[in-house]
Amino acid sequence: MKRLSSSFFQSLCRYPSNQMLFPCACLQGCARGQLDMEGALTARDRVGIQDFVLLDAHTSETAFLDNLKKRFSENLIYTYIGTLLVSVNPYKELDIYSKKQMDIYMGVNFFELPPHIFALADNAYHTMLAEANNHFILISGESGAGKTEASKKILQYYAVSCPSTTLLDNVRDRMLLSNPVLEAFGNSKTLKNDNSSRFGKYMDIQFDIQGDAVGGHILGYLLEKSRVVHQNHGERNFHIFYQLVKGGEEDLLHQLGLESNCQHYSYLVQGECANVASINDKNDWKTVRNALSVIDFDERDIQDLLGVIASVLHLGNVQFEPDSKGYATLNNSAELLWVSTLLGVNVQVLQEGLTSRKIEAKTDEVLSPFTVDHAIYARDALAKAIYGRTFTWLVNKINDSMENKDSSRKTVIGLLDIYGFEVFYVNSFEQFCINYCNEKLQQLFIQLTLKSEQEEYEAENIGWEPVQFFNNKIICDLVEEKHRGIISVLDEECLRPGEATDLTFLERLEEKLDSHPHFVTHKLADKKTRKTLERGNFRLLHYAGEVTYCVVGFLSKNNDLLYRNIKDVMRQSKNTIVRECFASKESDGRRRPETVASQFKSSLLGLTDILMSKEPWYVRCLKSNESQQPGQFDDVLVRHQVKYLGLMEHLRVRRAGFAYRCRYDVFLQRYKPLCPATWPYWRGVAAEGVEVLVQHLGYLPDEYKMGRTKIFIRHPRTLFATEDAFEVCKHDLASRIQAQYKAYWQKGQFRRQKEAATKIETCWRGVQARKAKGRRQWAVKVIKKFIKGYMARGEAKTTDNSEYLAFVRQNYLNRLKDNLPKMVLDKTSWLTPPPVLMETSEILRQLHMRLMVRKYIRGITAQQKAQLQLKGITSVIFKGKKDSYPQSVSQPYVDTRISEQDINMKVLQMIRHEGIKYSIPIVKYDRNGFKARPRQLILTQTAAYVVDDAKIKQRVLYTTLKGVSVSTLSDGIIIFHIPSEDDKQKGDLIMQCDHLFEALTKLSVVANKQSAINVVQGSVKFQMKAGKEGIVEFSSGQESMVYKDKNGHLMVVSTRTRAR
């Protein structure tokens, strides 16, 4: 059952080797996230079909665009047409190019995962390794469609995915960093793209037999040199000029005679957009400067290279004026001086070369002065020649740095980043060459596609059905045919003597091509077409549509003449790059050099031969909109690109006959659950199993063909119906198999767990038994020692009792640590120590007591300290003498019991000068009748006052106060003894106070009368008047009371206080 389950899940997850486009989302969702949303067949209505070959209405351009738009709206920018990759520029960053994404696509079958440029790059790489042959990836599309970015992504993928060593990393770094250098020198801002490649680039990446990237080689095609001297409005010169001017260091610019302001250079301001928000020239300059160092340019090469760039800018500022005879003269010698300095040529010789030309007449040489127009032409021709040849030198230098000198056999993958078909409002010589190139590549494209399709059909013994497609050979012949083609006529017109002009060239074309169906001019057109053509234009009917070309400039751009005497000046240059670029390899004879169109035709034929020798892979890049805004899909623009890129033609070729093909074993492995005869195992030949399966599914005879190794299915709907049926049945099958397998697996798990548990229990019991035995033996030894120590505990320390005594000490100290007294007054809870620790315990007790006292003292506030001092005085006077003293200890003292607001204002004014220290309500007893009267006792600095509302009843000076008497009981009676000699006094003062201890303590402090306070037992005599005494008797009773007894004594009864 386990093997059965594995087989089934393999059938769910495996994909055909050719065009199985929909991986099982339910099993791969956890690992691949968004990829599976795209891959699930059930989502095809929402996210579109990821291979146009499976598009049912494959001949409908509308259906093609709808599918493309549907995928674009889901940020799925890649779609296949077989092995061709269509890429739509989203004009925003997508998180699909990370290292994680690269890992997902490494070594995976081409159609196993959703379309991606990494998938195409990886399959080209592994096919190259498996077949040991050469491949190329053709990246095409119009400016701004993302060709350069696609090329970078492929290079980055190879840099990450190929094996790595220090040497290989060096090669890869140079290959990757060649991009920013070539972009700086070969790219510029155009109306359609801020980083448009203005040259075609073909790069060979060389791999050794292990698949390591060991070298590279670049070929450049048709650099747009005219951009150096002229830019249309809204366009810029090549990036390197702006990067140098804006990003160059101040010292460097000073050496080159430049200023950091592009507006000062004629060649940089013609497009009126030197500053572009999306381009950071300063940062790009740093990147290029660093890349030049990594690519192995030495400082001398870099200085000479920058000197050439600066010389072109200075050359553009050289201006001419006519002299009296109309000949050109220089009016700015400073700029010319900088040109001569940077190029290392004589300034006089350079001036002569720019203002005149040498004409050879037999053995004589005659200088023919230029008009201003001729001089400007010569200046611009020199600028274009210097820059164009320097670009070629730069490509060769990069090639030298990437060259692999190992002679062992290598295979290559070529990257062709070529300009796409261009149709502008005004199309000139450059567009003619670019569109001619696209015609040749389209011709090659159709031939290679048809060839590969036909070879596969023949290999599978399937009848090949002729495919109807537009053969553009007639257009290629129109351009390149000898003697009759446009290039031949253009060259003849450039070389013939006499006054050849662009219009005479157009007339020659009309003579030779008057009956050609794909060539139209104003003269040859019918009346209706003539309205759309100017007299200086001609129109070609390309495979992608009609393009009208303006002949103005065709001859001069094709000639691209540089006068011989200027070449001679450049050969004398001290700048090594210029001297090398103008080395006398060219013929010094009178034969004119090959024209630009002929050179381009030859290089294009060479490129075609290179591509024909390699296996092709294609990337077609599309612009989603002209404004480069994310999320916008311009149907008209995309339809136009689909047409001129020939995507519908390619789809028709791929769909010729059968839309889908798959190996028998893979097809059977995936769809065998749909037939009882093939599920779960097919024991016979895979081809026979597939035949049984398709018969069970009800395939009609014309819907499929059986090849040698593959089944061919004609219509996508047949495949979709099969896949939908599989989508329905696999869930039920998966549930049943999953249930059976889970039961089997759980039983096995339980059996294994039970056996493991038994073994673990046995081992664990043994371990535990051995541990228990060891513990018992150890316990016996410890107990023996303990008993011996206990028996000898009273003896001096010996080996027998040392451990016991140590245990006793440790045990006592541990118990003491947990039971230390918490309060200073706690003197009874200290643990009784063993005899051996008596002395130690006493020392520890004293230390702990001192520590608690110290902590307590440090913790009390000034107010608490004052309270304690007063309580201490009270303790000295009353402790052990008066019964109610213990209850008063916990009651805090206050500063006064009567606030100044409660004292009569008149009294306050009379005694305030003495300073009131304390006041308290009292009850005063008359001396004769002992009648109780409420009064206020006020203690000042010098005397005690008894006050009745607004009247001072009695004033007792502290100096005259003989003593104060109180009883030993719990009553509040206070008797002030006043000398009888004092006539002002009325006798002793008897009072009752609720806060006796507080009042007398305050009195003892203020009057310093601590020794005068007496605690008397029984009765107290007091002076009533001079010579007459009274008695106050104190006793205990059930109820507190004060009354006059029959004997005339004042009786004070107080309740008994509980002993504390």
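Strands β18 and β19 make a hairpin, with three residues between them. Keep in mind that this is a predicted model, where local features need pLDDT of at least 70 and side-chain atom pairs count only at pLDDT 80 or more, while totals for chains, interfaces and linings use all residues. Residues are numbered from 1 along each chain as its sequence is written, and side-chain values use heavy atoms, leaving out hydrogens and water.

**Strands around β19**

- Strands here are DSSP runs of E with at least two residues, and helices are runs of H or I with at least four, numbered from the N terminus.
- β18 (residues 704–706) pairs with β19 in the antiparallel sense over three bridges; pairing takes at least two DSSP bridges between two strands.
- In that pair, Lys705 sits opposite Phe712 of β19.
- β17 (residues 660–663) also pairs with β19 in the antiparallel sense, over four bridges, and Tyr660 stands opposite Ile713.
- Along β19 (residues 710–713), Lys710 and Phe712 point one way while Ile711 and Ile713 point the other way, and all are buried (under 20% relative accessible area, with a 1.4 Å probe and protein chains only).

**Helices α15 and α23**

- The axes of α15 (residues 347–355) and α23 (residues 564–571) come within 8 Å and cross at roughly 155°; axes are lines fitted to C-alpha atoms over the stretch in contact, and angles run from 0 to 180 degrees between N-to-C directions.
- The two helices, α15 and α23, are therefore roughly antiparallel (over 145 degrees).
- The contact (heavy atoms within 4.5 Å) involves Val349, Leu350, Glu352, Gly353 and Leu354 of α15, plus Asn565, Ile566, Val569 and Met570 of α23.

Terms used: Angles under 35 degrees count as roughly parallel, over 145 as roughly antiparallel, 65 to 115 as roughly perpendicular and the rest as oblique. Buried means under 20% relative accessible area, exposed over 50%, partly exposed in between (1.4 Å probe, protein chains only).
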